[in-house]
Amino acid sequence: MKFNLKMLKELLWKGEKLKKDQLLILFLTGVLLLVITLPAGKEKENRKTVGSRTGQSVITDRESYTKEMEQELEEMLSQMDGAGEVKVMLTLASTAEKVIEKDRDTQSEQVKESDHQGGERTTDKDSLSEETVYKKQNSNGDSPYVTKELTPQVEGVVVLATGGDNPEVAKHITEAVQALFGIDTHKIRIMKKNQKP
């Protein structure tokens with residue numbers, strides 16, 4: 001059942017009572033319009049994401065993300081029983097990625113032809129066009145609307161731990177790193193850290 005404003009006006013002017021399903025649709029339409037018009041509020045900027053894909057800012061952001069993750073992992077692993085003092089090095093497979101919202105217009109057309117001898121031919125034509133969705137900024141102009149931000153994938157981890165020569169400690173460290181980053185065991189190396197005199 002299609003419900004539109006014209007239909008609503010006609011029903012209200014004629015003095016007819018609205019059916020329950022029509023009232024429900026009207027209510028949901030009002031809620032949808034309300035949600036669309038409400039401002040989304042201030043977006044918090046994630047300090048772990050890359051702001052630009054070019055130049056020095058990518059290197060700086062990637063390095064700061066890596067350093068922060070290394071420090072958090074060092075703090076966590078140093079609390080593990082038997083690990084002792086811990087030093088961590090991470091390598092990343094890529095930089096952070098922003099997924100940008102796009103308006104997609106898909107059109108499909110199918111043409112069937114037949115000739116006077118009984119032969120038939122079908123032709124399919126599909127077209128897709130995309131346009132980036134922009135959001136208004138205060139004085140900075142427009143910027144692309146980002147639907148989600150993907151953090152960089154961790155590619156490898158090296159852990160130097162005072163208790164790294166203990167097989168049980170090494171096993172627990174490996175399992176912890178696997179749980180946090182979802183990487184294979186052959187990409188994790190646990191070694192004994194030298195004691196400084």
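**Entry 1: the nonpolar core.** I looked up the largest nonpolar core of this predicted model. This core holds 23 residues, and the members that touch the most others are L77, V157, V159, I173 and F181. The greatest contribution, six residues, is that of α4.

**Entry 2: the surroundings of L77.** I next examined L77, one of the core members with the most contacts to other members. I set aside the neighbours within four places in sequence and listed what remained in contact with L77. The list reads A83, V86, V88, V159, I173 and A176.

**Entry 3: the sheet.** In what order do the three strands of the open sheet stand? I recorded the order β1-β8-β9, with mixed pairing. I noted that β1 (86-92) and β9 (188-192) are the edge strands; each has a single partner strand, and therefore one side of each lacks a neighbour in the sheet. From one strand to the next, the twist averages 15°.

**Entry 4: the pairing of β1 with β8.** I looked up how β1 is joined to β8, which spans residues 154-161. The two strands run antiparallel and are connected by seven bridges. As one example, I followed M89 to its bridge partner in β8, which is V158.

**Entry 5: the helix on the sheet.** Which helix packs on the sheet and touches β1, β8 and β9? I found that this is α4, residues 167-181. The direction of α4 makes about 145° with that of β9.

Notes:
Residues numbered from 1 in each chain as written. Predicted model: local features only at pLDDT ≥ 70, side-chain atom pairs only at ≥ 80, totals over all residues. Heavy atoms only, no water. Pairing = 2+ DSSP bridges. Helix = DSSP H or I, 4+ residues; strand = E, 2+ residues; numbered from the N terminus. Axes fitted to C-alpha atoms, helices over the stretch in contact; angles between N-to-C directions. Contact = heavy atoms within 4.5 Å. Core = buried A, V, L, I, M, F, W, Y, C linked by side-chain atoms within 4.5 Å. Buried < 20%, exposed > 50% of the residue type's maximum accessible area, 1.4 Å probe, protein only.
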